[in-house]
Amino acid sequence: MHPRTDSGNPGFAHPSGWGNTAPGNDGTHPPDDFPYEGHGGGHRGRPPHRRRGRTVLRVLVAVVVVLLVVSVATYFWADSELRKEVDLGKVVDRPGTGEGTNYLIVGSDSREGMSDQQKKDLHTGSADGKRTDSMMILHDGASGPTLISLPRDSNVTIPKFRGSESGHIKGPLGDNKLNAAYSIDGPQLLVRTVEYNTGLHIDHYAEVGFSGFANIVDSIGGVDMTLDKGFKDKWSGADFDAGEQTLNGRQALAFVRTRHAFATSDLERTKNQQKFLSALASQTATPGTLLNPFKLYPTMGAGLDTLVVDKDMNPYYLAKMFFAMQDVTGSGGKSMNMPVSGSVGGNLQWDKVKVGQLVRELKNDEPVTVTDTQ
């Protein structure tokens, strides 16, 4: 007989609140919060499963807080690394904005920061100044992403423009190759020329040079590509066999720069550039990269400090551009060259009717029905 719990023990005093006070109850059952000897004399408290639940909740909250702090820190770090050197606000006579977002993506032949050995290894040569090896408009909208390559040898009109350094109005300069606009006065004149000749408003600008491009590829361990046919080009250093292969930074740069090995020259090169950039985006945006800080930060660092963008660009828009590039090869995406109708003085002449239709569809965020075949 237990001295504390036996109600027949005359020395035992019932504590206040003992038992159920409902009529007919003998009051011999302790309340829920009464201490039990069978539980080691401690308070019964909350059931173990409730305590575990609260512990799990605290851990989850702590993890979410840490992730938010890391994400915010990463965002501001990435934003500080971007070279916001292009002021689109100084571009004159701009067309009206449409639906969706238009990015002008440029691959330049900048050799900035490269040693003589790197120039030799990457077959870049040592030319002074900067030119554009590739130019693309990426439209990201409700009807899916559309990637349009602008051949560097396109015959366009370079209109009047505001000098990027002097601030004075210059030109117009008449007909010339598209990449001449960049050589004459850099990104702002290139944007002005693209907008003038297409009627499409460019919302953001992104440019990467030779070394930055190669470093990004190397940072993710190369990019897997399947080539329908092999080709060689002494000018770019390309030497590829047909079939599946992983391209490192040097090989990737040779792949996207090669044009002398193809009968259609720049038109074939632009298609290869589209294929490679889509593959690069798809293979970078994987859990193995995005969720691994030891891989994510080197990859971001390899490109951010060499990426030249407009002053309104930020990591959010850059991520949207990146994932739109990834989706180009999906069922809702489309990639093409700017439609051409022939050539003028050896330069490619755009098909004005098709270009007009293409721009209308992009501005209205409609599915693109225009093709780049003649």
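The model is predicted, and its protein chain contains 10 helices and 17 strands. Of the 374 residues in the chain, 43% are buried, and the accessible surface comes to about 19600 Å², with 53% of that surface belonging to carbon and sulfur atoms. Among contacts between residues at least 6 apart in sequence, 66% join residues that are at least 24 apart.

**The main sheet**

- An open sheet of 7 strands runs in the order S1-S14-S9-S2-S3-S4-S15, and its pairing is mixed.
- Strand S1 (83–86) and strand S15 (334–337) stand at the edges with a single partner strand each, so one side of each of them has no neighbour in the sheet.
- Between neighbouring strands of this sheet the average turn is 25°, with direction ignored.
- Strand S2 (residues 101–108) is joined to strand S3 (residues 132–140) by 8 bridges in the antiparallel sense, and within this pairing Ser108 has Thr132 of S3 as its bridge partner.

**Strand S9 and its two partners**

- S2 and strand S9 run parallel and are joined by 5 bridges, with Gly107 standing opposite Val208 of S9.
- S9 also pairs with strand S14 (residues 307–310), here in the antiparallel sense and over 3 bridges, and Ala206 stands opposite Val309 of S14.
- Strand S9 (residues 204–208) is mostly covered, since 5 of its 5 residues are buried, which in this model means under 20% relative accessible area.
- In a regular strand the side chains alternate between the two faces of the sheet.
- In S9 both faces are covered: His204, Ala206 and Val208 are buried on one side, and Tyr205 and Glu207 are buried on the other.

**The nonpolar cores**

- The largest nonpolar core has 40 residues, and those with the most contacts inside it are Leu138, Phe213, Val223, Met225, Phe255 and Phe276.
- Apart from this core lies another one, of 30 residues, which includes Ile137, Ile148, Val308 and Trp350.
- Leaving aside neighbours within four places in sequence, Leu138 is in contact with Thr101, Asn102, Tyr103 and Ile105, with Pro145, Thr146 and Leu147, and with Met321, Ala324, Met325 and Val328.

**Helix packing**

- Two packed helices are described by the angle between their axes and the distance between the axes.
- Helix H4 (residues 210–219) packs with helix H8 (residues 293–304) at an angle of about 170°, and their axes are 8 Å apart; H4 is therefore roughly antiparallel to H8, a description that applies to angles over 145 degrees.
- On the H4 side this contact is made by Gly212, Asn215, Ile216 and Ser219, and on the H8 side by Lys295, Pro298, Thr299, Ala302 and Gly303.
- The buried residues of H4 are Phe210, Ser211, Gly212, Phe213, Ala214 and Val217, and just after this helix Gly221 takes a positive phi of about 85°.
- Helix H5 (residues 249–257) and helix H6 (residues 266–284) pack at an angle of about 140° with their axes 7 Å apart, and this angle makes H5 oblique to H6.
- Where these two helices meet, H5 contributes Ala252, Phe255, Val256 and Arg257, while H6 contributes Arg269, Asn272, Gln273 and Phe276.

- Met325 lies in helix H9, and Met325 counts as buried because its relative accessible area is 7%, where the limit is under 20%.
- Beyond its neighbours within four places in sequence, Met325 is in contact with Ile105, Leu138, Leu147, Leu277, Ser278 and Ala281.
- The C-alpha atoms of Met325 and Ser335 are separated by 9.8 Å, and these residues are 10 apart along the chain.
- Gly333 lies in the loop between helix H9 (315–327) and S15, and Gly333 counts as partly exposed because its relative accessibility is 22%.
- With neighbours within four places in sequence left aside, Gly333 is in contact with Pro145, Asp327 and Val328.
- The C-alpha atoms of Gly333 and Val368 are separated by 9.5 Å, although these residues are 35 apart along the chain.

Conventions: Residues are numbered from 1 along each chain as its sequence is written. This is a predicted model: local features need pLDDT of at least 70, side-chain atom pairs count only at pLDDT 80 or more; totals for chains, interfaces and linings use all residues. Side-chain values use heavy atoms; hydrogens and water are left out. A nonpolar core is a set of buried Ala, Val, Leu, Ile, Met, Phe, Trp, Tyr and Cys residues joined through side-chain atoms within 4.5 Å. Buried means under 20% relative accessible area, exposed over 50%, partly exposed in between (1.4 Å probe, protein chains only). Contact means heavy atoms within 4.5 Å. Helices (H or I, at least four residues) and strands (E, at least two) are DSSP runs, numbered from the N terminus. Two strands pair if DSSP finds at least two bridges between them. Axes are lines fitted to C-alpha atoms, for helices over the stretch in contact, and angles run from 0 to 180 degrees between N-to-C directions. Accessible areas come from the Shrake-Rupley method with a 1.4 Å probe; for residues, only the protein chains shown count as cover. Angles under 35 degrees count as roughly parallel, over 145 as roughly antiparallel, 65 to 115 as roughly perpendicular and the rest as oblique.
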